[in-house]
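Have the sequence and the 3D view open as you read.

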Amino acid sequence: MSDPTAPSATPASVATPGVAAAPWFADGALHFALGIEDTFVPQTRAGERAIDEYELTEHYEQYDTDFALASTVGAEMLRWGVPWYRVTPEKGVWDWGFVDRAVESMQENGIRPLVDLLHYGTPAWLERQFAHPDYPQHVAEYAERFADRYGSFVTDYTPVNEPVIHALFSGEYGYWPPYLSGADGFVQMSLALSKGFVLTQQAISRSIGERATFVHVDAGMRYTGDAEATEHAELATRLRHQSFLVEDLVTGGVGPHHPLLDTLRHKGCTDAELTWFLDNAVRPDVMGVNYYPRHSTEVFEAGVRHGGGFADPRPSFDAGTEGLREVLETYAARYGAPVMVTETCVTGTVAERIEWLDASVELVHRMRAEGQQVVGYTWWPLFDMYEWTYRHTENPRIDHLLTMGLYDLVESPSGLLRQKNPVADRYRQHAEAARHAEDTQHAPSARAFGAPHIQDHHA
């Protein structure tokens with residue numbers, strides 16, 4: 001294990017990159033990124049096993065190959081998460097071995113990492129997880145140690161990926177640790193996550209100063225159908241407002257006229273806590289929005305009540321590019337920052353994936369032509385992943401495979417193969433066209449690429 005007394009030691013091969021004339025999000029270009037699914041929930045209980053997507057997808061063994069694949073298809077940036085629970089397997093013990101190797105490999109492959117410091121899951125030793133009273137201090141210490149160690153190369157950070165999903169799954173739905181439920185649980189999780197978020201961003205800023213770029217990321221959630229009916233209106237209204245709650249708290253946006261102010265106070269949030277957020281507000285350099293056309297819009301049905309989440313899901317509606325435009329415009333207006341598509345895809349055939357890739361990229365180019373600051377586009381993920389329901393069954397991983405990637409995950413006697421499919425070629429076309437457009441100032445069109453050649457792919 002790495003020496004816990006020397007967390008700031010920088011791997012010798014990680015050098016300081018050249019100083020850019022302007023930050024990447026202000027250079028006028030559209031930056032193409034990919035992601036590697038990085039959900040970590042290591043806690044177990046009866047009927048629930050740990051889930052670690054890096055373990056399931058064999059990224060721990062194949063990270064070097066994976067980074068090379070991302071570079072090969074033209075990605076400039078990679079959203080990549082740190083397995084916090086592995087970095088600190090015991091309280092006060094720090095093991096940076098895997099992260100050292102991964103950061104070095106990303107640099108060697110010419111990949112700019114956009115690091116997810118918290119993509120679900122806390123260390124196994126942290127009792128009550130996000131509900132532990134010292135959670136904010138623990139996550140901030142981890143973030144500062146990371147920035148001290150890798151900040152000469154890693155300058156782009158997401159303090160918390162999708163805090164609203166954290167708060168729903170761990171707070172409202174009782175689906176993940178610490179298994180709180182209801183509106184009370186959501187508020188408790190939101191306050192804890194928000195304080196950790198603020199302390200994390202402050203810690204990184206102390207470590208690497210103005211070189212730090214912060215991409216705040218949340219899920220673009222929409223509610224439609226019978227949402228305005230008397231039987232659903234109160235819940236639908238609360239869900240809509242609380243989709244923004246963590247970002248509102250961390251940016252100092254919960255003031256006397258916030259629609260959830262009375263709810264926060266009723267659930268135990270004190271004026272002193274609210275004042276702390278106002279006094280310690282942090283801002284995003286880029287506001288990232290995760291949007292999945294077939295899942296991001298939930299439908300309320302007349303006469304039917306659903307608890308939400310995987311246990312009792314509401315139906316969803318494919319809102320297509322209309323929904324993507326709406327969430328990007330909403331977050332841009334609400335937080336006054338450039339926006340980025342930080343996750344999107346459809347789970348389906350190669351043809352369906354390419355259709356959504358073309359449509360969503362074309363929308364982004366159209367919005368940019370209208371003068372809107374959309375600075376990045378991320379297809380998520382680079383290769384297939386496994387559904388989170390894996391945690392709640394004993395079935396083999398293949399039963400939970402989601403065909404989402406530019407590369408198919410294929411079982412073999414020697415491990416999981418990464419098999420390229422035509423989505424990868426299409427993604428590369430888009431990425432290269434965007435770089436060419438930066439030089440020519442002419443926005444590309446997906447229609448110019450022609451129909452893809454699709455055959456002999458199981459997806």
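## Strands β4 and β5

Strand β4 (residues 77–81) and strand β5 (residues 112–116) run parallel, joined by 5 bridges. Strands here are DSSP runs of E with at least two residues, helices are runs of H or I with at least four, and both are numbered from the N terminus. Pick out L78 and you'll find its bridge partner, P113, in β5.

This is a predicted model, with local features needing pLDDT of at least 70 and side-chain atom pairs pLDDT 80 or more, while totals for chains, interfaces and linings use all residues. Residues are numbered from 1 along each chain as its sequence is written, and side-chain values use heavy atoms, without hydrogens or water.

Zooming out, 8 strands close into a barrel with parallel pairing, in the order β1-β4-β5-β6-β7-β9-β11-β12; a pair needs at least two DSSP bridges. From one strand to the next, the twist averages 25 degrees.

Helix α4 (residues 97–108) lies across β4 and β5, at about 175 degrees to β4. Angles run from 0 to 180 degrees between N-to-C directions, with axes fitted to C-alpha atoms (for helices, over the stretch in contact).

## Where α6 meets α7

The axes of helix α6 (residues 163–172) and helix α7 (residues 182–208) come within 8 Å and cross at roughly 135 degrees. That makes α6 oblique to α7 (under 35 degrees is roughly parallel, over 145 roughly antiparallel, 65 to 115 roughly perpendicular, and the rest oblique).

Contact (heavy atoms within 4.5 Å) involves residues including H166 and L168 of α6, and F186 and M189 of α7.
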